[in-house]
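Work through the exercises below with the sequence and the model open. Try each task before reading its solution.

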Amino acid sequence: MTVTAYIGTVAAFCTTMAFVPQIVKLRRQGGEDLSYQMLFLYLTGVVLWLIYGIQVHAVAVIWANALAALMVLISIILKANPPAKKPRSRRLRIAVDMDEVIADSLGKQLSVYNLRTGGHLTPELACSQGLGSLIPQARWEEFAGIPHEDGFFADLDPIEGSREALLELSRRHDVYIASAAMEIPFSFDAKYKWLQKNFAFIPSSRIVFCGDKNIINADVLVDDRSRHFEQFRGTGILFTAPHNTGETAHLRADNWNDVLRILEGRQSQPADEERRARTLSMNPAG
């Protein structure tokens with residue numbers, strides 16, 4: 001073979017193989033940006049070159065254009081039959097309450113009460129029997145006043161699994177802390193420092209202390225008080241606590257694994273169905 005023949009062979013190989021990456025892309029992503037007109041025009045050109053090569057007995061022209069025609073045909077077929085698109089999961093805005101959801105305030109409250117009265121109350125006992133039946137009426141004011149004491153919120157234990165769950169959620173969604181701290185206004189500083197210590201991965205700009213959680217614009221609210229769901233436009237998840245065990249909830253989570261399962265199910269909901277469900281929840285009469 002002459003140098004000219006080698007050059008022609010290499011050129012034919014390059015122009016033919018140039019379609020391989022395009023075919024791979026079509027197989028993976030589809031061909032929305034690829035024009036049918038270009039493909040059919042290119043196919044016409046390589047078929048004419050193939051006819052020309054056959055007539056002049058140019059072997060390199062024949063095999064190069066035969067392969068090119070085959071690849072163009074494959075590209076047309078792949079463009080006409082694109083791969084099924086996987087539904088994209090969008091980032092949710094998830095608002096999370098503090099007390100009894102990520103911070104074990106009841107456990108601390110019971111511990112202080114037990115220390116002062118010699119009692120043996122536990123959160124499990126409170127769930128099964130109710131605080132009203134466990135604490136005498138004469139001591140109820142004392143018990144209710146414990147969270148209002150200085151330093152109460154400084155050393156609360158995190159709810160089991162809450163830190164790991166919020167860390168995982170924060171990688172895929174926008175997580176906010178929404179605490180109705182106005183119920184105990186002087187708790188702001190202690191709660192903020194507690195969050196910085198235990199949930200440092202949540203930025204300060206996503207910590208909300210408020211009185212009415214209806215102002216929260218989120219897709220999901222995880223809370224132990226169902227009253228916060230009454231005017232909430234998103235989805236409410238009731239986190240189980242002793243005071244709400246008798247309530248009926250559309251979505252209830254007994255622990256943070258339950259919350260993750262609920263949110264995983266929500267993410268698999270088609271986007272149009274999700275929008276319709278939210279519209280109906282905002283306009284029940286319609």
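The exercises that follow use a predicted model and go from the sheet to its helices, aromatic rings and cysteines.

**Exercise 1. Strand 4 and its partners**

Task: Work out how strand 4 pairs with strand 1 and with strand 5, and decide whether the residues on its faces are buried or exposed.

Solution: 
- Step 1. Three bridges join strand 1 and strand 4 in the parallel sense. Val-96 has Val-222 of strand 4 as its bridge partner.
- Step 2. Four bridges, again in the parallel sense, join strand 4 (residues 220-223) to strand 5 (residues 235-239). In strand 5, Ile-237 is the bridge partner of Val-222, and Thr-235 stands opposite Val-220.
- Step 3. For the faces, recall that side chains in a regular strand alternate between the two faces of the sheet. In strand 4, Val-220 and Val-222 lie on one side, while Leu-221 and Asp-223 lie on the other.
- Step 4. These four residues are all buried, and both faces of strand 4 are covered. The cut-off for buried is under 20% relative accessible area.

**Exercise 2. Helices against the sheet**

Solution: 

**Exercise 3. Aromatic rings**

Task: Give the number of aromatic pairs, then classify the pair of Phe-188 and Phe-209 and say what parts the pair ties together.

Solution: 
- Step 1. The structure holds nine aromatic pairs.
- Step 2. For Phe-188 and Phe-209, the centres are 5.3 Å apart and the planes are 20° apart. Planes under 30 degrees apart count as stacked, and this pair is stacked.
- Step 3. Phe-188 belongs to helix 10 and Phe-209 to strand 3, so the pair ties together parts 21 residues apart in sequence.
- Step 4. Phe-188 has 30% relative accessibility and counts as partly exposed. Phe-209, at 25%, also counts as partly exposed.
- Step 5. Elsewhere, one aromatic cluster is formed by Tyr-113, Trp-140 and Phe-143.
- Step 6. Rings also meet charges: the charged end of Lys-191 sits over the ring of Phe-153, 4.9 Å from its centre. The charged end of Lys-79 sits over the Tyr-36 ring, 4.8 Å from the ring centre.

**Exercise 4. Cysteines**

Task: State how many disulfides the structure holds, and describe where Cys-14 is found.

Solution: 
- Step 1. The number of disulfides is zero.
- Step 2. Cys-14 is found in helix 1 (residues 3-17) and counts as partly exposed at 46% relative accessibility.
- Step 3. Although 50 residues separate Cys-14 and Ala-64 in sequence, their C-alpha atoms are 9.4 Å apart in space.
- Step 4. Cys-127, at 32% relative accessibility, counts as partly exposed.

Definitions and conventions. Residues are numbered from 1 along each chain as its sequence is written. This is a predicted model: local features need pLDDT of at least 70, side-chain atom pairs count only at pLDDT 80 or more; totals for chains, interfaces and linings use all residues. Side-chain values use heavy atoms; hydrogens and water are left out. Two strands pair if DSSP finds at least two bridges between them. Helices (H or I, at least four residues) and strands (E, at least two) are DSSP runs, numbered from the N terminus. Rings of Phe, Tyr and Trp (its six-membered ring) pair if their centres lie within 6.5 Å; planes under 30 degrees apart count as stacked, over 60 as edge-to-face and the rest as tilted. Buried means under 20% relative accessible area, exposed over 50%, partly exposed in between (1.4 Å probe, protein chains only). A charge sits over a ring if NZ of Lys or CZ of Arg is within 6 Å of the ring centre and within 35 degrees of the ring normal. A disulfide is a pair of cysteine sulfur atoms within 2.5 Å.
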